[in-house]
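Grab a pencil and work through these exercises with the structure open beside you. Try each task before you read its solution.

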Amino acid sequence: MSNYYEELSQSIISGQLDRVKSLTQQAIGAGDNPVDIINQGLIPGMSVVGARFKSGQMYVPEVLMSARAMDAGMQLVKPLILTEDIPSAGKVVIGTVKGDLHDIGKNLVSMMLESAGYTVINVGVDAGPEKFLQAVKEHQPGVIGMSALLTTTMLAMKDTIELLKEEGLRDKVKVIIGGAPISQDFADEIGADGFAPDAGSAADLCKKLLA
Amino acid sequence: MPVRSNYVENTSPMFRILSPSQCEEILLAAQEVLERTGVTVYDEEARDILKKAGCWVDGILVRIPSAVVNKALRSVPKRVTLCNSRTGSRDVRLEGYNAYFGTGSDTPFTIDPYTGKRQRSTKESVSNACKVIDALENLDFVMSLGIVQDVPLLISDRHQFEAQVLNTSKPIVTTAHDIYGFADIIEMCEIIAGGVEELRRNPFMTLYAEPISPLQHAWEAASKLILAARKGLPVVYTPCVMAGGTVPATMAGVLTQGLAESLSGLVINQSTREGSPFIMGGVFTIMDMSSTIFSYGSPEFNLLMSSLADMAHYLKLPMFGTAGCSDSNLVDEQAGIEAAMSIAMTALSGPNLNHDVGYIEYGSTSSLEFLTINNDVIGMARRLVRGIEVNDETLALDLIHKIGPGGHFLCEDHTMKHFKTETYYPSLIDRQRYESWMENGSKTLFQRANEKVKDIIENYEPDPLPKDVQQKIRAIVERSEQSIAK
């Protein structure tokens, strides 16, 4: 049992990237099990961050600094373990739909998902159904997330769902949607599995859908 | 009569955030952003126009030399006038410190005044909203207060414009999905105005378009700026930026980058046709770092709006401002506080075409009760801005002497002559004594507003358009429906 873990968690919480790197390096040097470093040092820190954000004690930039510090630690540990042993909450493909270039919301969701332990494949903006389909085939995610800011472009969400059906992939992946004009009613109407009003609840939604 | 020199008179309150030196520094900084960082332009034609104008085009990235910006600032008209669509009367003069108020446009939701429920906005809700705006004396122009969503969405902009123009004669600021929607709307306006030239001379419609922050002009936005210039019609171009999210967290950084986005839009517009009417917008605010909303009620939102007004006056550009809106999810005390603060600051700062009156839920929902309450707040702000007139008549020394210690002023001609113009009487704000308020049903401000809204919807008739004009507009809407059915 390493005594680095408590301090590692604290450094994640305070978003000190350099400190997280050096502590992770020290733990590796001391011969700690890399999986333990992740599960007992890095992840517990990030769990605190998630809880504090939800209760309004931490703000988005602070959460993202913590996530960045966490990722720096992960990058050091990852080469030491087999890919299948790396803890991941799941894979999510995410993008802004065709005809829409707005991406701040989608990027926020993407970062919040990463900080919650998900592997995120970001297909960018103006992503047509084919682009989502290709990413689903290539990465086999548990969830795809689509974002739209406009009432005209939100219609494209349905096209992706239809294409997934045609390709026989609809039951292989959960579909979640979000953006200013989106509501639960709209999600139900187009046959999505879920809607999240903000980035924090998007991560919760993925957790629920992948449970 | 004495001769009097060195007398300085304020005929209105004096209010500003930025000094001329600070405005100049921010302008130069925005020009540096355009010259160094540049903007992306997703419309090929716009890139060609920019290249011909002397910009440096590298793929979709366009960098704009300061001289090109200066040229656009010289060619753009310093004033834009918007008219009544029925009479052509030139009511809304966007120039100097004139501040006009109107509603906002594309909320996905609205509060139904009959059920109190938040619902998706429809053609009927937009029609009702426009009737209410038309009836309220302190609202000068109309935006739809909702996206029409109970029609095919791809051509809903045509329905939205039809619902607006049938129910109000006040100038309309409208959105369109793309240039095809915009072209159909222009065609409707030309029919109403009686011709292409007539509309250009007395425009009653201006299009709303926006870049995508940071520093991007999507195809839809750039092509609208070009079409508006070709048609010689005014266009509002309004970056909606959130501090810490799509622009720096610092207020000066917000102003710099937001201004760079506006000025690059101006260059696209003016390079298409010099002298085209252009209205600089800017909903500059913060991203709330807890909820991530785009705030419509924070003090920074007001500070940025007032300082952008200082910039607009410095640049002598007509400006599209924002006021009378709230982050609150319902029409409550918070909504009242936020709207009152923004309306007062807007009236004091003097941006010209001030929209979003009646928005709640950080711009996602509209409320006609909130709009109607704000109609009174705007009236109060108008009184504040009228300031205090100081002269022999208003000092009233002879009258004070005549009444003397212990008398009263109630029965004086002077009182009779001045009390109604010196004081503002709002219609919904309550000043009743407790007992009469009880006798009248002890109603809250919201309840009184709700009654007024329903009364307008049920009893008010806006000036109709001639029947044949209505039919021609309908034909354009139907034509667009057929075009997507193919």
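**Exercise 1. Count the helices and strands in chain B, then describe how compact the chain is.**

Step 1: chain B has 18 helices and 19 strands. Here helices (H or I, at least four residues) and strands (E, at least two) are DSSP runs, numbered from the N terminus.

Step 2: the radius of gyration, taken over C-alpha atoms, gets compared with the globule rule, 2.2 Å times the number of residues to the power 0.38. For chain B the radius is 24 Å, close to the 23 Å that the rule gives for 486 residues, so chain B is as compact as a globular protein of that length.

Step 3: for the overall extent, the C-alpha atoms of chain B fill a box of roughly 80 × 55 × 50 Å along the principal axes.

Before you go on, a few ground rules: this is a predicted model, where local features need pLDDT of at least 70, side-chain atom pairs count only at pLDDT 80 or more, and totals for chains, interfaces and linings use all residues. Residues are numbered from 1 along each chain as its sequence is written, chains are lettered from A and ligands numbered from 1 in the order in which they are written, and side-chain values use heavy atoms, with hydrogens and water left out.

**Exercise 2. Work out the strand order in the four-strand open sheet of chain B, and find its edges.**

Step 1: the order is β8-β7-β19-β18, with mixed pairing. Two strands pair if DSSP finds at least two bridges between them.

Step 2: β8 (118-120) and β18 (359-360) of chain B each have a single partner strand, so one side of each is left without a neighbour in the sheet.

Step 3: zoom in on β7 (residues 109-111) of chain B, which pairs with β8(B) in the antiparallel sense over three bridges. B:Thr110 stands opposite B:Gln119 in β8(B).

**Exercise 3. Describe the interface of chain A and chain B.**

Step 1: 20 residues of chain A are in contact (heavy atoms within 4.5 Å) with 21 residues of chain B.

Step 2: the two chains bury about 1,600 Å² between them, 71% of it on carbon and sulfur atoms. Buried area is the accessible area (1.4 Å probe) that two parts lose on being put together, summed over both.

Step 3: A:Leu101, A:Ile104 and A:Thr151 supply 31% of the area that chain A buries against chain B, more than any other three residues.

Step 4: A salt bridge is a side-chain nitrogen of Lys or Arg within 4 Å of a carboxyl oxygen of Asp or Glu.

**Exercise 4. Find out which parts of chain A the salt bridge of A:Lys137 and A:Glu167 ties together.**

Step 1: the two side chains meet at 3.3 Å, N to O.

Step 2: A:Lys137 lies in helix α6 (residues 129-139) of chain A, and A:Glu167 in the loop between α7 (156-166) and β4 (174-178) of chain A, so the pair ties together parts 30 residues apart in sequence.
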